[in-house]
Amino acid sequence: MATIITVHGTFAHTASPPGVELAGAAYAAPWWQPGSAFDRELRALLDSPDGRIDTIAFTWSGANSETERRKAGAELLDKLHELEARSEPYVLIGHSHGGSVISYALLLAAARHEKLPRLQRWLTVGTPFVELRKERFLFLRLPLLMKAAFVASLMLLIMFVVATLGDIMNDTTTLNEAEALSRLGVGFGLTALPFIVFLLIAGFFDRSQLFAYRRSTRQRASETFSPRWFALTHEADEAVRGLATLRSTRLQLFDKGFAVPALSIVAVFLLPLAYVALLFWPPAMVGIAEYLRDNVYKVAELAPADAATSARTVNRQPTSAQPAAPTAS
């Protein structure tokens, strides 16, 4: 038995179901569905060891979205795992961005060091392979909450550095003293630790989610699956030729701030900017200290109690022993 998995392209899933007539014409199954003209001709041309060929139509959303194509690629790989478990040979055929779905499934397999030995061939027909590049800086690739954590942990470190430089300039701290150096080292380590831990965690998740951009993954995928790849394109193919033309063209349809809510940017930087404003605005710092003193800690109410406690402590102190007066013999 051999299996052929067909993967349709963008928007192809919207074809009418069997039994529906369009403009009086009988329904014709799309090429990727079992029973289509393509399926019948393919069965007539191919043969399998036991004479049985099974055609499976892999259906995905068909949206013109890289996110949807990658989601479909992960689902397709799960289907391939089922065939691998049954030791069943199979072939993949993808048209247009259906080939992109297949390509992402194989990239995901390469990232997991899976060679898919039962895969005989994978064919792409008129597939416009889109090469995406990740943002250069880690901060730009993070989601909103992680951006806020990044800025907050970095501002903590920057505030310590600024405060230390201020002490040095005011001769409050002397770098020649061993004790002062040790304090600076401990303080720097404590303030830098959250930022370092965040970078390690963010880098781990970023690396695991963007595995398709890693050079090692792409190299492994090329070595493992390229020998089994067969591509068909036509010189008049609109999508493929369009991408070939755009290769040397730089178009900026939207500015960099398009579709970025202003409140999201404010949410990321609001708290760190508030810290900086308080740091360089002495009246605000004094006002906060007075508010905490009078309304939170209520120092004025605690003062009489502290005085009474001190008085009782003094009264309870033992008196010093006086030397005995000498007696007359």
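I will go through the fold, the nonpolar cores and the aromatic pairs of this predicted model. Residues are numbered from 1 along each chain as its sequence is written. Because the model is predicted, local features need pLDDT of at least 70 and side-chain atom pairs count only at pLDDT 80 or more, while totals for chains, interfaces and linings use all residues, and side-chain values use heavy atoms, with hydrogens and water left out.

The chain has 11 helices and 5 strands, taken as DSSP runs numbered from the N terminus (helices H or I, at least four residues; strands E, at least two). Of its 329 residues, 28% are buried, where buried means under 20% relative accessible area, exposed over 50% and partly exposed in between, with a 1.4 Å probe and protein chains only.

The largest nonpolar core has 25 residues, and Ile5, Leu76, Leu116 and Phe225 have the most contacts inside it; such a core is a set of buried Ala, Val, Leu, Ile, Met, Phe, Trp, Tyr and Cys residues joined through side-chain atoms within 4.5 Å. Helix 3 gives the largest share of this core, 8 residues. Beyond its neighbours within four places in sequence, Phe225 is in contact with residues including Leu106, Leu116 and Trp122, contact meaning heavy atoms within 4.5 Å.

Turning to the rings, the structure holds 7 aromatic pairs, that is, Phe, Tyr or Trp rings (the six-membered ring for Trp) with centres within 6.5 Å, stacked under 30 degrees between planes, edge-to-face over 60 and tilted otherwise. Trp31 and Phe38 pair edge-to-face, at 5.4 Å centre to centre and 90 degrees between the planes; Trp31 is partly exposed at 25% relative accessible area, and Phe38 is partly exposed at 31%.
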